[in-house]
Amino acid sequence: MSAFDESLKIWFSGRWVDWKDATIHVMSHVVHYGSSVFEGLRCYKTPSGPAVYRLQDHIRRLFNSAKIYRMEVLFSEQEVFDACIETLRINKQEEAYLRPVIFRGYDSLGVAPGKCPIEVVVGTWVWGKYLGPEALSAGVDVCVSSWTRMAPNTFPALAKCGANYMNSQLIKLEAMVDGYVEGIALDANGYVSEGSGENIFIVFNGKILTPPLGASVLPGITRDSVIQLIQDLNKEGKLNYEINECLIPREMLYLADEVFFTGSAAEITPIRSIDRIRIGTGCRGPVAEQLQNRFFDVVNGVVPDHHNWLTYFKL
């Protein structure tokens with residue numbers, strides 16, 4: 001039985017389709033070559049109504065990914081933006097996870113896509129805490145993966161492409177087989193890159209550090225939010241940590257006071273151990289907790305949204 005609510009509707013290249021009917025041909029280009037780009041983002045229930053978190057930024061990144069892969073999308077950014085809101089409306093969802101996808105469809109096969117149509121799909125569903133219901137408070141146990149992130153000038157790490165996530169699957173599956181929740185990948189030079197689907201931050205010697213985009217890192221939107229929240233809390237006198245993007249050696253992970261993941265699915269998830277080495281006190285640290293509190297206050301509409309991250313709409 002499917003884990004999805006199959007009574008929902010999906011926006012499929014400009015038309016509404018029943019969940020079970022949102023299908024493609026097995027000879028579609030995307031099936032054989034992973035020729036898709038996608039986004040993942042959340043809609044939160046707030047006192048002022050449902051609100052989508054950084055929708056415009058996700059759509060911009062979606063179209064940037066498509067541009068890198070030479071996908072000429074027939075819909076505008078505004079049309080896909082509107083489709084995300086309308087999908088939530090038609091499905092009557094106050095809280096949900098959204099998955100917009102652009103992919104090469106059915107026409108011909110061969111690495112060169114030829115005349116394969118560029119399809120655009122938006123699906124929504126209810127998705128709980130990505131790394132487990134207790135992850136946000138208790139933290140998670142992770143490992144450093146034996147799989148390396150793509151080297152520069154091989155796959156474009158700045159694009160959120162379906163094919164890139166075969167690398168992520170190897171990282172995730174290896175970690176799970178070995179009894180961990182998630183894996184951390186190193187880049188081609190042996191520096192810390194990111195998780196299978198999350199960016200990473202460490203608290204070390206009074207600074208907060210995160211790998212630069214040159215370390216085969218996806219330009220995470222929640223990563224960007226966390227950097228802004230650190231700056232906000234510093235200005236308010238509630239934090240006193242310099243935030244730097246810099247290369248991070250693997251061994252610094254073990255010596256850090258705190259390590260945490262960020263992502264639209266993972267939100268802000270503390271890491272309590274890496275390779276069975278306890279991180280800090282072995283539980284959520286004060287920096288991660290303070291960032292979680294501010295992040296969830298913003299996305300849940302508890303405090304003013306000074307950065308205009310939320311797109312409110314009415315069902």
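Rings of Phe, Tyr and Trp, the six-membered ring in the case of Trp, are taken to pair if their centres lie within 6.5 Å. The structure described here is a predicted model.

## Aromatic pairs

A search of the whole structure finds 12 aromatic pairs. One of them joins Phe-4 and Trp-125 in an edge-to-face arrangement, with 5.4 Å centre to centre and 90° between the planes. Phe-4 belongs to the segment before β1, whereas Trp-125 belongs to strand β7 (residues 118-125), so this pair ties together parts that are 121 residues apart in sequence.

Trp-127 is partly exposed, its relative accessible area being 31%. Ring pairs link Phe-4, Trp-125 and Trp-127 with Trp-19 and Tyr-97 into a cluster.

## The hairpin of β1 and β2

Strand β1 (residues 9-12) pairs with strand β2 (residues 15-18) in the antiparallel sense, over four bridges. Lys-9 has Asp-18 of β2 as its bridge partner. Two residues stand between the strands of this hairpin, and Ser-13 takes a positive phi near 50° there.

The buried residues of α2 are Leu-55, His-58, Ile-59, Arg-61, Leu-62, Phe-63, Ser-65 and Ala-66. The helix is followed by Arg-70, which has a positive phi near 60°.

Helix α5 (residues 165-177) has 13 residues; from its first C-alpha to its last it reaches 18 Å, close to the 18 Å expected at 1.5 Å a residue. Its buried residues include Asn-167, Ser-168, Ile-171, Lys-172 and Ala-175. These cover an arc of only 130° around the axis, which puts them on the same side of α5. On the other side of α5, Met-166 and Val-177 are exposed. The cover over the buried residues of α5 includes β8 (140-144) and β9 (182-186). Just after α5, Gly-179 takes a positive phi of about 90°.

## Individual residues

| Residue | Class | Relative accessible area |
|---|---|---|
| Asn-199 | buried | 5% |
| Thr-222 | buried | 1% |
| Glu-236 | partly exposed | 41% |

Asn-199 lies in strand β11 (residues 199-204). It is buried because its relative accessible area of 5% falls under the 20% limit for that class. A polar atom of the side chain of Asn-199 lies 3.1 Å from the backbone oxygen of Leu-218. Leaving aside neighbours within four places in sequence, Asn-199 is in contact with Glu-194, Val-217, Leu-218, Gly-220, Arg-223, Phe-260, Phe-261 and Thr-262.

Thr-222 is found in helix α6. With a relative accessible area of 1%, Thr-222 is buried. Beyond its neighbours within four places in sequence, Thr-222 is in contact with Tyr-53, Thr-262, Gly-263, Ser-264, Glu-267 and Phe-295.

Glu-236 occupies the loop between α6 (221-235) and β13 (242-245). Its relative accessible area of 41% makes Glu-236 partly exposed. The side chains of Glu-236 and Arg-294 are joined by a polar contact of 2.8 Å. Glu-236 and Ile-271, by contrast, are 35 residues apart in sequence and 26 Å apart in space, C-alpha to C-alpha.

Conventions. Residues are numbered from 1 along each chain as its sequence is written. This is a predicted model: local features need pLDDT of at least 70, side-chain atom pairs count only at pLDDT 80 or more; totals for chains, interfaces and linings use all residues. Side-chain values use heavy atoms; hydrogens and water are left out. Two strands pair if DSSP finds at least two bridges between them. The expected span of a helix is 1.5 Å times one less than its number of residues. Buried means under 20% relative accessible area, exposed over 50%, partly exposed in between (1.4 Å probe, protein chains only). The arc is that of the directions from the helix axis to the C-beta atoms. Contact means heavy atoms within 4.5 Å. A polar contact is a pair of N or O atoms within 3.5 Å; within protein, one must be able to donate a hydrogen and the other to accept it, and residues adjacent in sequence count only if both atoms are side-chain atoms. Rings of Phe, Tyr and Trp (its six-membered ring) pair if their centres lie within 6.5 Å; planes under 30 degrees apart count as stacked, over 60 as edge-to-face and the rest as tilted.
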